[in-house]
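Let's walk through this protein together, one question at a time. Take a look at the model below and keep it beside you as you read.

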Amino acid sequence: MKQLLKKYEEKSPEIVFNWKDPQTEAEGWVVINSLRGGAAGGGTRMRKGLDMNEVLSLAKTMEVKFTVSGPAIGGAKSGINFDPKDPRKKGVLERWYQAVSPLLKSYYGTGGDLNVDEIHEVIPITEDCGVWHPQEGVFAGHFRPTDADKINRIGQLRQGVIKVLESEGYSPDIKRKYTVADMITGFGVAEAVKHYYAIYGGAVRGKKAIVQGFGNVGSAAAYYLAQMGARIVAIIDGNGGLINEAGFSFEEIRQLYLNKKGNTLGGQDLLSFDEVNQKIWDLQAEIFMPCAASRLITKEQIDRLIAGGLEVVSCGANVPFADEEVFFGPIMEDTDKRISLIPDFISNCGMARVFAYFMERRVEMTDEAIFNDTSETIRKALQNTYDRNSATTNISSTAFEIALKQLI
């Protein structure tokens, strides 16, 4: 696996598009690792301090993810080095998407990512740039449908991603009109835990869990995991956190979801970040879901979690460990050898799978059909990994080997 990984990491990307905003200090990159299958896909993120290497590593991650989620295309990513809280953000995004619109119409498909919203920013801004849908390039480059079929499938994709959830089983509050895009990635992160225990032995109910990050992914993952009967004992977010060693009830987690302030944890009883960060890594918990930014988890933190009885990590963040390597650095490798580590390209593939589901064929548009498709995709990936290696360790290395053999 390591030889395959080294070869994959060292391969230069096929396309690097660099943009400098003429009106602000913003700089952006589209990195297309390959045009496998005639197209490439990957979301758009924005954060201050982002660089091309971060975008490259995420593009390679996307290509691995597509081996699980489909379609069989190359990996790509867009990244903009700019403060997302800056009031000039909208103008930056408008000029960015205007600059990359030729790619989006030909062979590149994008979506939301860190600090860039799929529904409120990506879709309307790209439409204003003359792009039918942010995934139009994947249709054009990979599926090559007839014009009529392209219109029908793009219509299906548009409707499906922003579909308002109607089932109480999937929505924290059907009156608030949460969409598929709001919930599906976090759902997949929680489903990965459920399928892990079903395949490798055990059950989610009664297990204690820690969640890092309470944005779009972490909050939904906590909601669905608590719905399964797990006890969330701690949540840590950038602005603070909460600890309850007995575990929050499902209704308490639901209320925390409903009371989010944008993409951050709210609540009157919020502890300071420093206080929670000091205590959280020594709590006893079997499940850990890192759903914050990339490359945050240190060796010391994961060691302390393992000492407290950690059994499984389900990655909501891409590359959550503080390794310099693109994929499989020493912290991740050590964790994989000691406990069960579900890699990000399996556990957080929900949004990529939704895109594939709506693009590949005409499909059923119910909540159950959409969410079950993502769940079954994750189950199959974990089952394939188990069939290759039934041990509860080295899950990530096995999954990487399966994926890389499809790419090299």
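Q: How many bridges join strand E7 to strand E10?
A: This is a predicted model, where local features need pLDDT of at least 70, side-chain atom pairs count only at pLDDT 80 or more, and totals for chains, interfaces and linings use all residues. Residues are numbered from 1 along each chain as its sequence is written, and side-chain values use heavy atoms, with hydrogens and water left out. Strands (E, at least two residues) and helices (H or I, at least four) are DSSP runs numbered from the N terminus, and two strands pair if DSSP finds at least two bridges between them. E7 (residues 208–212) and E10 (residues 287–290) run parallel, and the number of bridges joining them is 4.

Q: Which strands stand at the edges of the open sheet, and why is one side of each left without a neighbour?
A: The sheet has 6 strands in the order E9-E8-E7-E10-E11-E12, with mixed pairing. An edge strand here has a single partner strand, so one side of it has no neighbour in the sheet. The two are E9 (240–248) and E12 (340–342).

Q: At about what angle to E11 does helix H7 run?
A: Angles run from 0 to 180 degrees between N-to-C directions, and axes are lines fitted to C-alpha atoms, for helices over the stretch in contact (heavy atoms within 4.5 Å). H7 (residues 180–200) lies across E10, E11 (312–314) and E12, and its angle to E11 is about 150°.

Q: Within what distance do the axes of H7 and H15 come?
A: Two packed helices are described by the angle between their axes and the distance between the axes. For H7 and H15, the crossing angle is roughly 35° and the axes come within 9 Å.

Q: Why is strand E5 described as largely enclosed, and how many of its residues are buried?
A: Buried means under 20% relative accessible area, exposed over 50%, and partly exposed in between (1.4 Å probe, protein chains only). E5 (residues 74–81) is largely enclosed by the rest of the structure because, of its 8 residues, the number buried is 7.
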